[in-house]
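Please give a short report on this structure for someone who has not seen it before.

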Amino acid sequence: MLINAFNDALTLIVSADPDLIEILLLSVQVSFSALAIAGILAMPLGTILAISHFRGRKLLITFLNAMMGLPPVVVGLFVYLMLSRSGPLGILELLYTPTAMIIAQVILIIPIIASLTYQVIEELNREYKDLFLSLKISPQQAVFAYLWDARYSLFTTLLAGFGRAISEVGAVMIVGGNINHLTRIMTTAIALETSKGELSLALSLGIVLLTIALLVNAIVISIKTFAGEKGYV
Amino acid sequence: MVIIRIAKKITISLGAVISFNFCYAESIILQSTTSTKNSGFYDYVLPMIKEDTGITVNVVAVGTGQAIKNAQRCDGDVLLVHSKAAEEKFVSDGYGVKRFDLMFNDFVIVGPSDDPANISGSTDVSEALNSIASQQTPFASRGDNSGTHKAERELWKISGIDTSKGTKMWYLETGSGMGATLNIAVGKAAYVLSDRATWIKFANKQDFKIHVQGDKRLFNQYGITLINPIKCPNVKSKAGQKFVRWLLSDKGQSSIESYTVGGNQLFFPNAQ
């Protein structure tokens, strides 16, 4: 079975099966879009939590940490009920579209990116706090400065978010509906093939997905290594 | 600068994704049972429908129970499932316009080839279920309120066995779809009730085979219903109606008849 699956995976990749390419591209497109949106929202959020003091801050941090363990199915259900034609946002007609899948993944990975950003920036904050205070840097400037200086460390943070987004199936299955040529992505295709008993094909799709994840990780790590050599980190 | 560049990229990729939603001029959402999808039936019939009517049919395949619930929330245009009583209730509650018989096949009991409950060749489903229950051989139930699950519950009932009483170690409720339940049954050497279409197309059979078939109580009727535009104003009733009419037409019915997998006809048209 395992050897078959590796063979199948290789054949799928080499033959550039058009269906596979379509599914793969949509997977990557959805997850990268979710990552970009979540990153823009969550990285400043994590930074603000790390450098500012306000009532309820600890509570919010605890909440975000807990949300990292949010089951994708619950997120899917929540987004489904929001976007359902009988739900509050039904008028947008977004259910069973890639956009719905992006929304679900954004909700899923915001806590991860925000929490991990918080940890990175908190450490940096100890080093920079007094300097920024003496230079009278505005909070907005400080947020940008922190994010910019921590950018290479934050790659890992984004990577964690991307990993969660590209690999989850529970949420996108519910809000996307696994519709052929419209909302079918790698993970839902794997679930479908498994339910057809096509275990070898399902596993080979998993291997393809793993390859993509490895590729993304390799790129990020080489950027980090390059940065390290140049003394940016 | 970097931020502007990133923002630009996001807008572009978002735009590309959103444009997906609008590039299908006439498309409908079909809330469907899983067997019609997993058996490859839609891959066969939907291109013909596209060619004849121009309608793209987006299939959301879930269990019958969930499909009906989704349709009640107006998240679809047409419902194609297999639980006549539940479908009729759906229509009488005002959620559907009218229900039509579309096609049928039958359920079969499959199990390991060594047949521990000794039911192979039986055409009496009650006898077979009683034998499974008295031997306490494992039986995998869908347990998900799907059409097949409802049919299975009914079969236990008419066989006079209450599987819910006490803890029955041999009665395994998987809470999953047909394919997942078949995978579990194969892994646990358990008997399982499946629709014939899913079973024929199922690729992980290992040593499993059909033991019980041919009892008329194993009849499995599929129905099709247009979701009611009065309850759900967003329903694309025109396109939905075209789709329903096509399947009920002579051409639709004969295309159902001509769909085979490995020489086996999977669905038998019986629209009135």
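How far apart do the C-alpha centres of domain 1 of chain B and domain 2 of chain B lie? They lie 26 Å apart.

## The model

This is a predicted model, in which local features need pLDDT of at least 70 and side-chain atom pairs count only at pLDDT 80 or more, while totals for chains, interfaces and linings use all residues. Residues are numbered from 1 along each chain as its sequence is written, and chains are lettered from A and ligands numbered from 1 in the order in which they are written.

## Two domains in chain B

Domain 1 of chain B covers 23-105 + 221-269, and domain 2 covers 107-218. These bounds come from an automatic or database domain assignment. The contact takes 19 residues from domain 1 of chain B and 14 from domain 2 of chain B. Here, contact means that C-beta atoms, placed from the backbone, lie within 7 Å.

On the domain 1 side, helix H2 (35-38) and helix H4 (64-72) of chain B each give two or more residues. Helices are DSSP runs (H or I, at least four residues), numbered from the N terminus. By class, that side has five nonpolar, 14 polar and no charged residues. Ala, Val, Leu, Ile, Met, Phe, Trp, Tyr, Cys and Pro count as nonpolar; Asp, Glu, Lys and Arg count as charged; the others, Gly among them, are polar.

## H2 against H7 in chain A

Helix H2 (residues 18-51) of chain A and helix H7 (residues 151-167) of chain A have axes that come within 9 Å and cross at roughly 135°. That makes H2(A) oblique to H7(A). Axes are lines fitted to C-alpha atoms, for helices over the stretch in contact, and angles run from 0 to 180 degrees between N-to-C directions. Angles under 35 degrees count as roughly parallel, over 145 as roughly antiparallel, 65 to 115 as roughly perpendicular and the rest as oblique.

Contact residues include A:Ser27 and A:Met43 of H2(A), and A:Leu154 and A:Ile166 of H7(A). The contact divides into nine nonpolar, four polar and no charged residues.

## H7 against H10 in chain A

H7(A) also meets helix H10 (residues 199-230) of chain A: their axes come within 10 Å and cross at roughly 175°. H7(A) and H10(A) are therefore roughly antiparallel. Among the contact residues are A:Tyr152 of H7(A) and A:Lys224 of H10(A). This contact has 10 nonpolar, two polar and one charged residues.

## Where the chains meet

Chain A gives 25 residues to the contact and chain B gives 27. On the chain A side, the largest share, six residues, comes from H2(A).

Methods
Contact = placed C-beta atoms within 7 Å.
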